[in-house]
Every structure is written in C-alpha cells, then in structure tokens.
Amino acid sequence: MLEFFQNSIDSLSSMHIIIKICIYLSLVLASTIFLSLIYLKNLRDRLKIKRRIEATYQKKYESDLIEYLYAGDDETENEQQQKIVIYLKKCAANRLKRKIIIGTFLKLKNDVSGETADAIQKLYYQTGLIESATSKLKSKKWDVVAKAIRELTQFEIKETHDEIIKLVNHPKKQVRFEIQKYLVQLFRFEGLEFLNIIENELSEWDQIQLLEILNKFKNLQLPDMSDWLRSKNDSVVSFTLKLVRIHNQFGVKDEIIALFNHSNPEIRVEAINLVNHLGIYEAVAILKTGVFERTLEEQIAFFKMMEEMSMPDDIEFIKEHMNHKNFYIRISVMKIMNLITVGDDNTFTINNIAEEYQINTNLTKAS
Amino acid sequence: MNLTKKIVLAEDNSILSKLLQFKLEKEGYQLLIANNGKEAVDLIEDNDPDMILTDIMMPFISGLEVISHVRNKLDRNTPIVVFSSAGQEEMVLNAFNLGATDFMSKPFSPNELIIRIKRLLQ
C-alpha cells in the first residue's frame with residue numbers, strides 16, 4: 001500500500017504541470033462534492049426530524065384543542081380546561097411550539113364561526129399568546145412586526161388597536177399593508193380612520209385589497225368622506241373616489257367639484273367620471289367653461305360624461321365638435337347627437353342623419 | 001339491529017374533522033372520516049351512509065366528483081351537504097346541479113351544522 005502511494009507520488013511529480021493541476025483540481029472537486037453530500041444528508045436528516053417533531057406536537061395540540069372545546073360544552077369552565085390552558089401556556093414559551101400552537105388554532109379558526117371561534121379566541125388570550133404577539137409589535141425587525149399584526153388580525157384582537165395605529169406610517173410597506181388590513185378587517189369603515197394620518201402612498205393593489213375586504217360588509221353606516229377627498233395624499237383621494245363610486249356618496253358632490261382643479265390630472269379625470277355616475281348636474285356647467293383648456297384625457301372624459309348628462313341646451317355646444325380631431329370625442333359627440341349607434345362589440349352603425357349634421361365620413365372611416 | 005345513523009365526512013382539515021366527530025358522536029351519530037375524495041368514495045360504497053358531508057376542494061377527488069359518483073354511479077338519494085369557502089360560489093351552483101342537498105359556507109358554526117343534519121335526517 002505504502003509502495004503504491006510512493007509510486008503514485010513519484011509518477012505525479014514526473015508529470016506535466018498541466019496534468020498535475022488537473023489532478024489537483026479533480027481532487028479538490030471530489031472532496032468538495034463529498035463534503036457537500038455529507039452536509040446535505042445531515043441537513044435532510046435534521047429537517048426530517050424537525051418535521052416529525054412538528055407533526056407530533058401538532059397532533060398533540062390538535063387533541064388538546066378539541067379536548068378544550070369539548071370540555072367547554074359543559075357551560076362552565078372546568079378543571080380539565082384549566083389543565084389544558086396551563087399546559088399550552090407552558091409550551092408557548094418555546095418558539096417552535098408557539099408557532100405550532102398558533103398554526104393549530106388558526107387551522108380550526110379559519111373554518112369555524114360562532115361559539116367555537118369565540119372559544120378559540122378565548123384560549124388565545126388565556127395561553128398568553130396575545131402578550132407574545134403584542135410584544136413583537138415593538139420589534140426592530142419589520143417582518144416580525146408584520147407577522148404579529150397578521151396574527152392579531154387572524155385572531156380578531158381589537159385591544160391592540162391603539163398600539164397598531166401608531167405604526168401606520170411604518171417605513172416598510174408590508175407592515176403598513178398589514179396594519180391597513182387589520183384596521184379594515186376588524187373595525188370595517190371605522191378602521192378607515194388611518195386615511196386621516198397616512199403619509200405614504202396607498203398602492204393600487206392595496207386599494208383593491210381593502211375594497212375587497214370592505215365589500216364583504218353590507219348595511220354599515222358609512223363615514224363622512226369629505227376630509228379624505230381634501231387630503232394632500234393623492235392616493236387617499238384616489239381611494240376615496242373609488243369608495244364614493246361604490247357607495248354612491250352624492251353628499252360629497254362639492255368636494256368632487258373642487259377636485260376638477262386638483263393638481264393631479266388622473267384625479268381630475270376620475271372626478272369628471274364620477275359626475276355622470278352620481279348625476280351631479282350642476283357640475284356640467286362648471287366643466288363646460290374652459291373644457292378645452294384642460295388635458296385631452298379630461299376633454300375625452302367630459303364628452304363621455306356628456307353622453308349621459310347633456311341637456312337640450314348643450315346641443316349647440318356639442319354640435320360644434322362633431323368633426324373634432326380626436327376620435328373618442330368625435331364618437332361621443334355623434335352618440336349624443338344620436339347619429340350613430342355603438343353595438344356591444346364596439347362596432348357602430350350610422351343612423352339616418354339630418355342634412356344639417358353632416359359627419360365627416362372620411363374622418364370616421366379613417367378612425 | 002343497529003339504529004345509529006352513519007354519516008360520512010370528507011374533509012382534509014384534520015382538526016375540523018376531529019371537532020365534528022366529537023360533536024356528532026355526542027349527538028348519537030356514527031361518523032366515518034375520509035381525508036380525501038377517494039377515501040370518501042370507498043367509505044360510501046362500503047358503508048351506505050345516511051348522510052354525506054363533503055368539502056368541495058379536496059385532494060385526488062373533489063367534492064363535486066363525490067356527489068356525481070353518489071348520484072350517477074351509485075344512484076343513491078343520500079342527503080349530501082357541501083362545505084364551500086369564500087369565492088367558490090360557482091362550484092356550489094355546480095354542486096346543486098349535480099344533486100347536493102344543502103351547503104354551508106366556511107367558516108360555519110358546528111352547532112348550526114348539527115341542526116341542519118338533524119333536520120335532514122328526520
């Protein structure tokens with residue numbers, strides 16, 4: 001054996017330098033692969049063990065939770081329930097076990113309502129998990145804070161409202177979004193109070209999500225939206241305009257008219273679109289004055305609005321723009337004059353036209 | 001002769017299954033639990049239950065397929081209550097078209113479910 005190694009070393013030393021380098025590199029690579037395999041095997045074993053431990057604990061906590069709920073059917077809180085509370089409280093001190101307990105509670109809470117859901121929430125309080133989540137709100141790690149807020153939302157914990165609202169302008173958008181969801185999910189329209197103090201932008205996606213949550217709640221008293229329409233935060237104004245549209249808030253018509261002069265052109269267009277939706281007739285005359293000093297998008301929105309809102313007095317004004325250079329304006333004018341009919345598939349047919357209203361067919365065909 | 005009414009529950013949430021088992025057994029029913037649609041079909045074929053409770057979304061065979069199997073292949077009129085989640089309205093309509101008797105939207109109250117079961121089994 002020793003001789004074999006000696007011969008190998010001798011032959012290696014007599015080899016060309018390139019072959020030597022290749023052999024050394026192969027040896028390094030082989031050892032790296034070997035060590036990686038050992039490491040991965042070890043990692044896989046550890047993960048397997050962890051999963052097994054988690055599954056065992058989960059099964060145990062599921063049984064405990066069912067036992068707790070079953071014992072609770074006897075109306076009065078009994079000794080057995082107390083024992084389970086003490087046991088789970090003790091387990092919750094450990095991070096892994098706490099995570100499994102919370103997961104177990106949520107697994108059932110997401111599927112049940114009524115007394116059973118209330119009992120799970122009560123157990124959440126009794127096991128001290130609420131204190132653990134609340135303490136995380138002070139964490140410097142944004143993901144810890146976001147997860148804690150999500151947990152408090154899932155368990156519908158309203159008591160932490162004052163602490164959570166303080167974080168509404170958190171630098172991380174993920175945390176801000178969890179806060180917004182917490183407020184709207186638990187306090188519904190009252191939760192929209194955060195719109196008064198939010199300084200950051202409310203993204204379109206966030207707005208859609210919040211509207212989706214609010215859509216679940218019917219027959220609720222709506223808050224006054226005037227202040228939000230006067231907000232300096234454009235995204236708040238934009239979100240409020242969506243709320244106004246969905247909930248037909250005619251009461252804020254003065255604020256909508258004021259938005260015709262907003263610095264953000266998108267908000268101006270959205271405000272014009274709302275005029276038709278809410279039927280604010282007094283806004284038509286305001287918009288008609290100086291409509292051509294506005295952006296093209298606003299002009300298009302104005303004529304689109306006039307398709308529904310125009311009165312006989314407006315015909316003379318509208319007629320003047322029958323051959324407007326913009327296609328959309330031209331189509332709106334012709335629709336108002338009842339010169340064309342637009343079908344569901346966006347094709348249009350030209351109706352019988354009085355001689356005085358001659359359409360520039362070249363322009364129409366070209367469009 | 002055993003007069004205990006048999007109910008097959010097809011539900012992949014193990015803890016919800018356990019909870020319903022406790023509740024229904026307390027009311028005097030025998031509950032047979034399936035973790036997926038395939039197990040449910042086997043339990044139904046072997047036990048001829050008096051009622052079937054099934055979640056719509058399940059691994060292997062969905063709740064809709066379970067209903068179809070009971071109504072079309074086994075040709076049985078066993079009452080079937082479907083559990084649905086938010087956003088599954090279309091599937092609930094399909095379940096009714098296939099012959100489901102009733103549905104409950106998750107999250108639901110277990111006590112309300114028991115009342116419905118009692119009414120349907122009367």
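Reply: We begin with annotations: UniProt positions are given in the numbering used here, and annotations may be inferred rather than shown by experiment. The model itself is predicted.

Me: Which residues of chain B does the annotation "domain: Response regulatory" cover?

Reply: According to UniProt, in an unreviewed entry, that domain covers residues 6-121 of chain B.

Me: Where does UniProt place the feature "modified residue: 4-aspartylphosphate"?

Reply: The unreviewed entry places that feature at B:D55. This residue lies in strand β3 of chain B, which covers residues 51-55.

Me: Is B:D55 buried or exposed?

Reply: The general idea is a count of neighbours: a residue is buried if 20 or more other C-beta atoms lie within 10 Å of its own, and exposed if 12 or fewer do. B:D55 has 26 such atoms within 10 Å, and it is therefore buried. Leaving aside residues up to four places away in sequence, B:D55 touches B:A10, B:E11, B:D12, B:G63 and B:F83.

Me: Which residues make the contact of α2(A) with α4(A)?

Reply: From α2(A) come A:E54, A:Y57, A:Q58, A:Y61, A:E62 and A:L65; from α4(A) come A:K97, A:I100, A:I101, A:T104, A:F105 and A:L108. By class, this contact has seven nonpolar, two polar and three charged residues.

Me: How many residues of chain B are in contact with chain A?

Reply: An interface may be read from its total, then by element, then by residue class. Here 14 residues of chain B are in contact with 16 residues of chain A. On the chain B side, α1 (14-26) and α5 (110-121) each supply at least two residues, and α1(B) gives the most, with six. The residues on this side divide into seven nonpolar, four polar and three charged.

Me: At what angle do the axes of α4(A) and α1(B) cross?

Reply: They cross at roughly 65 degrees and come within 8 Å; the crossing is right-handed. The contact joins A:T104, A:K107 and A:L108 of α4(A) to B:I15, B:L16 and B:L19 of α1(B). Its residues comprise four nonpolar, one polar and one charged.

Me: Which loop holds B:D75, and is B:D75 buried or exposed?

Reply: B:D75 is in the loop between α3 (63-73) and β4 (80-84) of chain B. This residue is not a glycine, yet its phi is positive, about 55 degrees. B:D75 has 7 other C-beta atoms within 10 Å, so it counts as exposed.

Me: What is the phi of A:R188 near?

Reply: Phi of A:R188 is near 50 degrees, again a positive value in a residue other than glycine. A:R188 lies in the loop between α9 (173-187) and α10 (204-215) of chain A. Because it has 16 C-beta neighbours inside 10 Å, A:R188 counts as partly exposed.

Key. Residues are numbered from 1 along each chain as its sequence is written. Chains are lettered from A and ligands numbered from 1 in the order in which they are written. This is a predicted model: local features need pLDDT of at least 70, side-chain atom pairs count only at pLDDT 80 or more; totals for chains, interfaces and linings use all residues. Two residues are in contact if their C-beta atoms, placed from the backbone, lie within 7 Å. Helices (H or I, at least four residues) and strands (E, at least two) are DSSP runs, numbered from the N terminus. Ala, Val, Leu, Ile, Met, Phe, Trp, Tyr, Cys and Pro count as nonpolar, Asp, Glu, Lys and Arg as charged, and the others, Gly among them, as polar. Axes are lines fitted to C-alpha atoms, for helices over the stretch in contact, and angles run from 0 to 180 degrees between N-to-C directions. A crossing is left-handed if the near helix is turned anticlockwise from the far one by less than a right angle, and right-handed if clockwise.
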